[in-house]
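Please keep the sequence and the 3D view open while reading.

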Amino acid sequence: MTHILDTIPPKETMANLLWRREVVTWGWESKENADALWRMCAESLIFWINAFGWTYDPRKKPATIPMILYPFQEDAVMRIDGAIEAPHDLVIDQSRDMGASWCILFPVVHRWQFREDQTFLVASRNEKYVDSPGNPKSLFWKLDHIVRKQPNWLLPGRGDGILRTEQRYQNLETGNTINGESSTENLARGDRRTALLVDEFAAYEQQAGWSVLSSTRDVSRCRIFNSTLGLVPGAFESIANNPDFEKLTLHWSLHPEKAVGLYEASNGKLRSPWYDREVKRCATPLEAARELDIDYSAAAGAFFKHETLNRLSQHVRAPLAVGNITHSEGVLGEWNETRDGRISLWRTPDAANRFPADRRYVMGVDVSTGTGASNSVITVFDRLTGEQVAEMCDPTVWTHDLASLACAMGRWFGGIDGEATMVFENAGPGLTFAQLCWKYGYRRFFMRRKEGQHSRPETDFIGVFTNKEEKVRQFNMLRMLLDQSRMLVRSSLALAECREIVYASDGKIEHKGAQGLDPSGARLNHGDRASAMAFVAVSLVDGVTPKGDDRPQQQLGAFGRAFMERQRERERMRAEEEYQWA
């Protein structure tokens with residue numbers, strides 16, 4: 001007859017329960033037997049869970065059921081234990097109801113119970129989710145369940161070597177501890193731990209999430225951040241998409257019960273009868289994206305189609321050249337190639353420092369104040385091919401310098417017309433920008449349509465404006481052109497920004513960084529490249545572009561006429577001054 005120590009826990013539920021009863025009975029027969037099983041559990045985390053671990057699911061009868069690890073859970077448990085053993089941070093993004101919290105807590109308890117010199121901190125967003133008697137959602141309720149369901153002879157001091165107080169477990173034999181803490185902006189600051197668990201991290205308040213990342217950095221070399229996706233993207237989504245963080249993804253399709261009848265839909269998405277039923281129960285597509293699909297773009301209310309951006313990513317290229325151009329009051333100087341330049345080129349000038357003259361170019365300019373709060377961007381596209389040919393991005397360029405640079409670049413990419421069509425927002429800092437461009441002699445501006453007219457009437461408006469409705473229209477144009485491959489984005493950063501453009505709760509379109517998610521400033525980006533490309537799209541779809549200085553003065557627009565009037569007044573005053581001195 002096979003000795004009980006030579007068997008492994010069966011995976012079928014009834015067989016496992018019968019096997020467990022035999023094992024526990026054998027362990028009670030003598031101290032030698034109990035010690036042998038203790039050593040087996042100490043040596044094998046997986047054996048201990050499958051032989052003595054219990055979980056809880058109130059949807060089932062009985063609610064307390066043996067923890068029998070599925071293959072994906074065995075892999076998850078070993079990845080988590082490995083992150084503690086060779087300490088490093090680990091991000092776990094998951095579909096709902098994959099047992100991730102249990103998979104984290106079992107390795108923590110195993111080390112607390114069978115190892116030495118172990119101290120852990122488990123945290124959630126408020127106290128009721130950390131330690132709340134009678135609340136199975138709380139972390140310490142789960143810890144209690146794991147510990148108390150074991151036979152006494154496996155526990156420290158045969159059950160007498162445990163001190164359990166509020167938000168605290170202590171192994172009196174080894175001194176190992178597990179403590180709990182609710183989320184604050186100074187979570188664990190000054191503490192030192194073997195490992196730290198932050199559960200349901202995406203549900204944290206926005207500022208608290210970023211503060212937790214900062215305050216826990218020196219607490220432990222192993223921080224485990226676990227969550228489904230949040231209602232609004234925040235710190236969790238940021239680290240989950242950061243290649244410097246190891247990530248463990250627990251998608252519903254890994255679960256053998258949920259994956260019965262697994263098939264691939266026409267759009268490439270994995271589905272199953274279980275999934276189809278659950279999608280119908282979701283209140284919105286966003287809920288399905290968060291709770292089931294782990295779809296970061298869709299969960300955030302992504303504006304651009306994921307499939308479109310993936311397709312366009314195949315056309316992203318490293319710049320052919322990076323550098324700066326000298327300029328003065330809109331007059332083009334020399335091109336100087338340098339690794340830290342702010343202008344990227346996907347076409348290079350010829351020996352005469354010129355670009356092909358048989359093309360027309362359109363240039364979108366997103367104007368900032370130059371204080372570093374957001375980027376100023378100039379992006380240039382070939383109107384014929386739709387290909388991006390240049391990009392400039394800088395959060396510290398002042399408006400007067402930006403205007404001079406934009407005029408110089410517009411003439412550099414003059415093509416057939418001598419000047420690229422310039423599109424910008426003629427409001428805020430854009431108004432000063434427009435005045436300076438006019439002063440520098442630039443004349444080829446985008447002229448927007450009169451409100452409510454869709455033909456090509458004469459217009460009095462230079463540039464665009466961006467109230468809520470108009471910004472949606474502009475980005476709709478950009479999305480249409482990208483979907484139709486009529487704009488070819490070369491800049492990886494510009495395409496990455498498009499992935500971060502989302503619908504806000506009030507229906508506006510904005511970059512995630514504008515939602516208070518990114519505390520580090522413009523150098524991480526706030527959608528300014530995407531905004532500049534949206535200006536280009538407006539010009540490509542419905543621009544009215546006068547043909548240089550031969551246009552009627554009424555087409556100069558209200559701003560242009562006012563500027564010319566001021567110019568005439570200055571000339572009159574100068575003439576009077578010269579007459580007085582004569």
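This is a predicted model: local features need pLDDT of at least 70, side-chain atom pairs count only at pLDDT 80 or more; totals for chains, interfaces and linings use all residues.

Residues are numbered from 1 along each chain as its sequence is written, and side-chain values use heavy atoms, with hydrogens and water left out.

**Whole chain**

- The protein chain holds 18 helices and 23 strands; these are DSSP runs, with helices (H or I) of at least four residues and strands (E) of at least two, numbered from the N terminus.
- The chain has 582 residues, and 53% of them count as buried, that is, under 20% relative accessible area with a 1.4 Å probe, protein chains only.
- Of the contacts (heavy atoms within 4.5 Å) between residues at least 6 apart in sequence, 66% join residues at least 24 apart.

**Strand S3**

- Strand S3 spans residues 90–94, and five of its five residues are buried.
- Leu90, Ile92 and Gln94 lie on one side of S3, Val91 and Asp93 on the other, and both faces are covered.

**Neighbours of S3**

- S3 pairs with strand S9 (residues 223–227) in the parallel sense over four bridges; pairing requires that DSSP finds at least two bridges between two strands.
- Phenylalanine 225 in S9 stands opposite valine 91.
- S3 also runs parallel to strand S10 (residues 246–250), joined to it by five bridges.
- Isoleucine 92 has leucine 248 as its bridge partner in S10.

Note on methods
Buried means under 20% relative accessible area, exposed over 50%, partly exposed in between (1.4 Å probe, protein chains only).
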